[in-house]
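Please examine the sequence and the model shown below before reading on.

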Amino acid sequence: MNNAGFPYLTVLIFIPAIGALVLALLGLGGRTSKEFSDRLAGMVAFATLGIAIATLVAMKVGDGGYQLVTNRQWTGDALGVRWYLGVDGISIFLVMLAAVLFPLVIVLGQKKSNSRSYAAWMLLLEAAVLGSFLSLDLIVFFLFFELTLVPAYFIIAGWGHERRAYAAVKFFLYTFAGSAFLLVGILTLAFLHQSQAHGPLTFALPALEHTHLSSATGILLFCAFTAAFAIKAPLFPFHTWSPDAYTEAPAGGSVILAGVLAKLGTYGLIRFDLNLFPQASRTLAPLILTLAVIGIVYGAIVACAQRDLKRLVTYSSLAQIGFIALGTFALGTQGLSGAVLLMLNHGLIVGALFILIGFIYERRGTWQTGELRGLQKVAPVMAGVFTVVMMASIGVPGLNGFVSEFLVLSGTFITHRWWAVVAVLGVIVSAVYLLWAYQQVFHGVPRAEDETTRDLGWLDRLIMAPLIILIVFLGVYPKPVLDRINPSVNQLVAHVQAVTGHSQPAVATNGSAAVEGRP
């Protein structure tokens with residue numbers, strides 16, 4: 001753990017937060033032009049991306065601990081809450097994912113009515129997401145985790161489709177209920193640690209890792225934390241809010257819900273469950289692995305029955321979340337590295353898919369496969385981009401989806417063979433529903449209403465370009481990313497193995513020096 005001279009992480013959170021506040025205050029005057037508000041929102045979003053890139057560059061490759069740490073007293077010793085931020089190889093690429101996707105959806109949102117309010121809510125959501133990924137104090141994490149609900153609710157309810165009010169309320173109530181368990185779990189763990197350490201109250205993650213828990217207590221606290229994270233992800237069977245929320249949200253909202261907010265749940269499973277409750281994680285791993293495999297197969301089968309492109313991608317996303325959980329609770333270096341990489345890759349793929357579906361809806365007023373035909377003839381660039389993203393989602397070698405799914409499945413096969421064998425079905429079925437959807441929408445003879453569908457314009461192509469570049473680059477050359485992920489994953493797996501007294505067979509992770517079972 002090392003301290004930073006420049007407060008990269010604090011600046012990273014406060015830039016979008018201040019941008020959201022400024023946009024809100026400008027709206028009170030009512031005299032600000034739409035052009036000025038749009039430019040200001042874009043500048044803030046891209047400035048945040050610049051700081052995120054600087055943070056990545058400032059990090060030391062090969063250091064698995066928390067870096068660029070900021071640790072300041074916030075509430076005093078009585079409450080024990082500190083402004084405690086840090087980043088490692090597990091969280092940095094989730095930060096980068098958010099920093100890449102938010103500018104794209106803010107630019108997309110400039111076509112909307114009241115784009116200033118839309119951008120303000122998006123920037124506030126970005127600040128909350130980044131705060132969640134960077135917080136090492138559990139109360140600060142909880143505050144940011146909860147704060148994400150507010151802007152997400154207003155984005156769905158304000159700019160969504162016909163059933164947006166119902167979807168927004170359902171999303172809020174489900175996730176808020178899960179967070180209640182999380183808060184109880186955090187407070188219980190902190191008070192247990194205080195009683196054992198005979199010191200001041202603290203919510204710092206590195207300190208709470210050393211709390212001694214009985215088997216029953218560890219399992220109960222694990223369930224309290226996991227309830228919140230499983231709903232947020234969502235992990236089967238806690239997913240029932242997601243089809244409505246993802247479908248009724250505007251295109252940009254769907255991108256952030258599935259691409260970024262879902263990763264708060266899977267990140268929580270890795271960062272908090274494995275660090276704080278390693279013994280309970282190993283005890284309950286077969287249960288979580290079973291739920292993950294059911295989610296993979298169920299999501300793939302239900303996606304096959306969809307005639308709604310948004311719902312198809314929603315259930316496809318449920319299957320991918322299952323793969324992330326599978327790699328996480330395989331409790332081995334290779335599977336966990338694959339899960340972290342898959343969080344990044346899935347965010348890029350699902351974000352690109354929802355943006356493309358938004359383009360189709362903008363041109364045709366529908367995303368129902370039965371009402372679309374032959375778009376490849378009239379919009380060849382859109383069809384080509386959709387093909388690349390679809391192939392990445394299927395897991396075609398050379399694109400980013402293959403690398404992460406391969407690591408997850410091979411890592412799980414080493415430690416939990418039969419779960420990996422069943423999960424392969426999800427990979428096979430995903431090719432069926434994605435190829436079928438592509439064939440329905442883009443192949444065939446265009447009907448009269450399809451003939452006027454315009455292709456991607458220059459702005460649309462600029463929005464898609466960084467996603468396509470990253471999808472191809474991470475598929476061809478994932479080593480720079482894995483070189484930063486692996487040290488942190490090795491350290492976490494070593495922590496779990498040291499506490500549980502259980503090691504795994506030695507196996508190299510994608511050619512790196514990481515070896516399972518190495519202390």
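The model is predicted. The protein contains 20 helices and two strands. Its radius of gyration is 22 Å, close to the 24 Å that the globule rule gives for 519 residues, so the protein is as compact as a globular protein of that length. Along the principal axes, the C-alpha atoms fill a box of roughly 75 × 60 × 40 Å. Of the 519 residues, 62% are buried. Among contacts between residues at least 6 apart in sequence, 80% join residues at least 24 apart.

Aromatic side chains come next. Across the whole structure there are 30 aromatic pairs. In one of them, the ring centres of F141 and F272 are 4.5 Å apart and the planes meet at 50°, so this pair is tilted. F141 belongs to helix 5 and F272 to helix 11, so the pair ties together parts that are 131 residues apart in sequence. F141 counts as buried because its relative accessibility is 1%, and F272 is likewise buried at 1%. The rings of F402 and F406 have centres 5.9 Å apart and planes at 25°, so they are stacked. These two residues are four apart in helix 17, which means that about one helical turn separates them. F402, at 32% relative accessibility, is partly exposed, as is F406 at 49%.

The surface also deserves attention. V422, V424, L425 and I428 form a nonpolar surface patch of about 320 Å². V422 lies in helix 18, residues 417-442, and counts as partly exposed because its relative accessibility is 37%.

Note on methods
Residues are numbered from 1 along each chain as its sequence is written. This is a predicted model: local features need pLDDT of at least 70, side-chain atom pairs count only at pLDDT 80 or more; totals for chains, interfaces and linings use all residues. Side-chain values use heavy atoms; hydrogens and water are left out. Patches are made of residues with over 30% relative accessible area and no salt bridge: like charges are joined within 9 Å, nonpolar side chains (Val, Leu, Ile, Met, Phe, Trp, Tyr) within 5 Å. Accessible areas come from the Shrake-Rupley method with a 1.4 Å probe; for residues, only the protein chains shown count as cover. A salt bridge is a side-chain nitrogen of Lys or Arg within 4 Å of a carboxyl oxygen of Asp or Glu. Buried means under 20% relative accessible area, exposed over 50%, partly exposed in between (1.4 Å probe, protein chains only). The radius of gyration is taken over C-alpha atoms; the globule rule is 2.2 Å times the number of residues to the power 0.38. Contact means heavy atoms within 4.5 Å. Rings of Phe, Tyr and Trp (its six-membered ring) pair if their centres lie within 6.5 Å; planes under 30 degrees apart count as stacked, over 60 as edge-to-face and the rest as tilted.
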